[in-house]
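The following exercises are to be worked with the sequence and the model at hand. Each task is followed by its solution in steps.

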Amino acid sequence: MSMELDKQFTATLNDATSSEYKNLKSSIESVLNEQYKVITGFIGVSVNRFREGSIITDFVVQATQVKPTEVAEVNKNIPDAMKSIAIVIGSITAYYNSQTPISIPQITYTGTSMTLTCGPPEINVGQINGSEWTLNQGEITESARIKVNTSGMVSMLTVDNVILADIGIYECTLIGKVINFTQKGDTTNKIQQAPIVQLQSNLNVYCNGTEGQKQPLECCVQSPYTVTWFSSANEQLSSTIDSNSEETCITYDYVLGSCSELHKINLVCKVDNPKDYNKTTVMNIFTQVPTCVGTPYGSGQVGDISRIGCDVGQDGSRTAVCQQTGWMLLQDTCIITAINNLFIVSTNLKEAQVPVFVTNLSSTVQKVKDKIATSSATISAIVDILNNIASVSTGVVTASVIENVLETVDVIIGSESRQSWTFLNANRTGNASSALLGSMESLSERLVGEIAFETPRISLNRTTTFNNSFAANLNNSISIHVPNINNNVSFTTITFSTLNNVMPARNSSFDANLFNTTSNYTVTDNAINAAVVLVKTNAMVQNVTLSFNKLNSSLLLNPQCVFWNFTLLNNLGVWDDEGCTFVSDINNIVTCSCNHLTSFSILMATDIPRDLREALDIITYIGVGISLASLVICLIIEGYVWKDMTRNSTSFMRHVSIINTALSLLIADICFIIGASIAKNPLENPVPVGPCSTATFFMHFFYLALFFWMLVSGLLLFYRTVMVFSHMSKSTMLAIGFLLGYGCPLIIAVITVAVTAPGNGYIRADDACWLNWIQTHALLALVVPALTIIFINIIIVIVVLFKMLRRGVGDATQRDEKQTLVVIVRCLAILTPLFGLTWALGVGTTISSTNKGIHIAFAFFNSLQGFFILVFGTLFDSKIRSILSRKLPTASTGSNTTRSTSGGISSLRGLNWINQLRGRRYMYRVSEAANSSSTGASESFVNI
């Protein structure tokens, strides 16, 4: 029992050995023994403790039996009897602590319902008027998930969608008119995590008609559960098992057999124990060539749906649809189980529970942070949790609470989570990013006192100014100045250095129709180009100046000073410039002036306007198409004339260099197309690190190989012109050529990956699969070697021309080698400046990013490099043209000699445009080499 005494509580009453405690205990026991001795079976009364709240006295009345009417009568007399000690506040509360535990189900799995039964009392406690339930001494209130039903002498607590957080000590109190009946129950070992079966529930399988073609089907479940595959006829299927400490997976190889028609196959993966858990996979078998291929969604035709499971420790699925551009993610419900449990708890959170809850939230998020970034559903759940915390935090928010919250937010705003936020922001009915910023504003308004706290991506400062102005330098990236304010004004600032990964870059002019229903991103020409700062104050502010350091100094067009307006775009929110004006943009620092405070940033248009970007795309793709065709023609021609053109070592290495130069550019251009398709894929926006890094690596490698094979040509020219008396075998020259042509590019490409990839600085974050420039300048790993080789080749050409003019080429060389060296000089003299100009323009696009002429020129020259190699590397070789003209079929008749001669002259007329381009005329002497081992004719050329 307990009673409240109107008396001052002192700390000594917590000490059972103190004289004050002993004296008060003795006095109260004397009075109570005198009063309760009249009840049937009375044994004695003892005081257990004193509690603060005036003085709350807990005492126990022992008796052999309990008669509620007798106890009620004595309790009425207690207040009068206690007057000599203290006035009793309220009535006496009597409790009967049952030794019988609450009735609890033997095992309850998460996600199901659990019903706990309290009562009936084993003694007569009189009429029951209601009930109270607690979990781990915290009050349980009814909600959508929790219901309490009290009827007669029994109370039942029903918990739907049970989670692991429901584990603990439950206490039930049946509130009687005289005596309260209490029972306890422990659900430890009574609640278990349900088995989570993971498989590809909707699978599209391409049947290629190969006999014995197999389709592996994998089904996984977390440890310690196990699973088994069954056919639609409930026949157990033999599978291979692969298990570890986290999960057990089984794989069944389904033999497709005949694929004469489209059909579906259903297979079921069942948990061995408990028996009620299973999932079905549906295989849609088709025979036409698939449009979409690759992991993780498999094969499919346009319109096909693929649904895959989640990683271990997550529940839900990912659904994608096949489009012409590849798989597009439609829905992602994969959520980390531990975070989902916390979300469920937060829906019924009480303000008093917030400090403990946010500590648990922060701890849980830190444990699974590596998995959160790629799970948009988990990020969305965390935002919902933060909003629930903000909603119940109606009083003061303490420093420890906001610190735990910011540690949680820091995990979900990193660059690695950008793709998840892009997917969330594409939802025209969702506003996860706006809700996150809103919860931060709500919590920041309730902070008190001086606070300074930092995480890797967030900086919080709360201070009070006693001057008539406020100035601060926030995280060395933003400065703020507020003049003409009163004294004793508090300012709270929260700086988010990476919120550009979170917030969509849409402004107040954004067209809602640009929410693309066929892709998972919104079209925008803007970029958030500064840290976002949230500013709150308790004063009226009419003038505030903010200066932002640009995140990307190459963005130069139309800076806007903006704040986040939560109400626009049907409450989805946009960046709004109302009340804010742009002041200056000097030394990559943008200054703004506003007449209010909220969440600020600067919004800048990207470098290239959309109309120019479309023009550049057209130029690039047409040029690359011409380049690819030219390179294929070049390789075919080289193969056609190989035997006739490689009779000496110099000519041999010259054509090896041309073939490898063309092949390198061909593969690089193919990788460019693949990278462009990845970057344009709506499912992969921003660009996916894995596939995009692979495409970028091979582009980087083969573009470097292009230049290093040009260097091989230059060194060959230098060697055969300057070092005329030295001799090197074909095999040695070939080994050196391949070492330079592919070995050096491989070393540079691998080092670039090793240095920049660990810090996520290898590739660009969005728009294209290519080397990063903004963060790490990884692009220099191509530009520097390329321009260096171009410089070396120019020097070589100058030296060789000087030697030629001085003593003439061929003094110590054969006629064929002389012809080859002249061709190499001509090729390098044209291609080297041309390629040098191309990549110099590329550097120009970085330095002067808004110059339209440079962008167009670079796109034109860069996309036509293959055409230049065909014309200046192959067709400008007169000997190749002669061989082609001799071997091409003609309509003339007569002797073999006559056909060869007339055919050569006729075909050369078809190539007159090249001669005109060169601005030269030739005289030809064509004679039959009757006694030569060569099957062709020999030609000599005289310039006129």
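Helices (H or I, at least four residues) and strands (E, at least two) are DSSP runs, numbered from the N terminus. The model is predicted: local features need pLDDT of at least 70, side-chain atom pairs count only at pLDDT 80 or more, and totals for chains, interfaces and linings use all residues. Residue numbers start from 1 along each chain as its sequence is written, and side-chain values use heavy atoms, with hydrogens and water left out.

**Exercise 1. Aromatic pairs**

Task: Classify the pair Phe-868 and Phe-872 by its geometry, and locate both residues.

Solution. Rings of Phe, Tyr and Trp (its six-membered ring) pair if their centres lie within 6.5 Å; planes under 30 degrees apart count as stacked, over 60 as edge-to-face and the rest as tilted.
1. The ring centres of Phe-868 and Phe-872 lie 6.4 Å apart with 40° between the planes, and the pair is tilted.
2. Both residues belong to helix H18 (residues 865–875), where they are 4 residues apart, about one turn of the helix.
3. Buried means under 20% relative accessible area, exposed over 50%, and partly exposed in between (1.4 Å probe, protein chains only). Phe-868 is buried, because its relative accessible area is 9%; Phe-872 has 18% and therefore also counts as buried.

Task: Contrast this with the pair Tyr-96 and Phe-181.

Solution.
1. Tyr-96 and Phe-181 are stacked, at 6.1 Å centre to centre and 15° between the planes.
2. The pair links distant parts of the chain, with Tyr-96 in strand E4 (residues 88–97) and Phe-181 in strand E12 (residues 179–186), 85 residues apart.
3. Tyr-96 has 25% relative accessibility and so counts as partly exposed, whereas Phe-181, at 0%, counts as buried.
4. The structure holds 18 aromatic pairs. Ring pairs also join Phe-701, Phe-702, Trp-709, Phe-738 and Tyr-742 into a cluster.

**Exercise 2. Two helices in contact**

Task: Describe how helix H8 (residues 418–425) and helix H9 (residues 432–444) are arranged.

Solution. Two packed helices are described by the angle between their axes and the distance between the axes.
1. Axes are lines fitted to C-alpha atoms, for helices over the stretch in contact, and angles run from 0 to 180 degrees between N-to-C directions. The axes of H8 and H9 come within 8 Å and cross at roughly 105°.
2. Angles under 35 degrees count as roughly parallel, over 145 as roughly antiparallel, 65 to 115 as roughly perpendicular and the rest as oblique. H8 and H9 are therefore roughly perpendicular to each other.
3. With contact meaning heavy atoms within 4.5 Å, H8 contributes Trp-421, Leu-424 and Asn-425, and H9 contributes Ala-432, Ser-433 and Leu-436.

**Exercise 3. Strand E30 and its partners**

Task: Which residues of strand E30 (residues 478–482) form the covered face, and which strands pair with E30?

Solution. Two strands pair if DSSP finds at least two bridges between them.
1. In a regular strand the side chains alternate between the two faces of the sheet.
2. In E30, Ile-478, Ile-480 and Val-482 form the covered face, and Ser-479 and His-481 the uncovered one.
3. Strand E29 (residues 470–474) runs antiparallel to E30 and is joined to E30 by 5 bridges; Asn-473 stands opposite Ser-479.
4. E29 and E30 form a hairpin with 3 residues between them, and Asn-475 in the turn has a positive phi of about 60°.
5. Strand E34 (residues 544–549) is also antiparallel to E30, with 4 bridges, and Phe-548 is the bridge partner of Ile-478.
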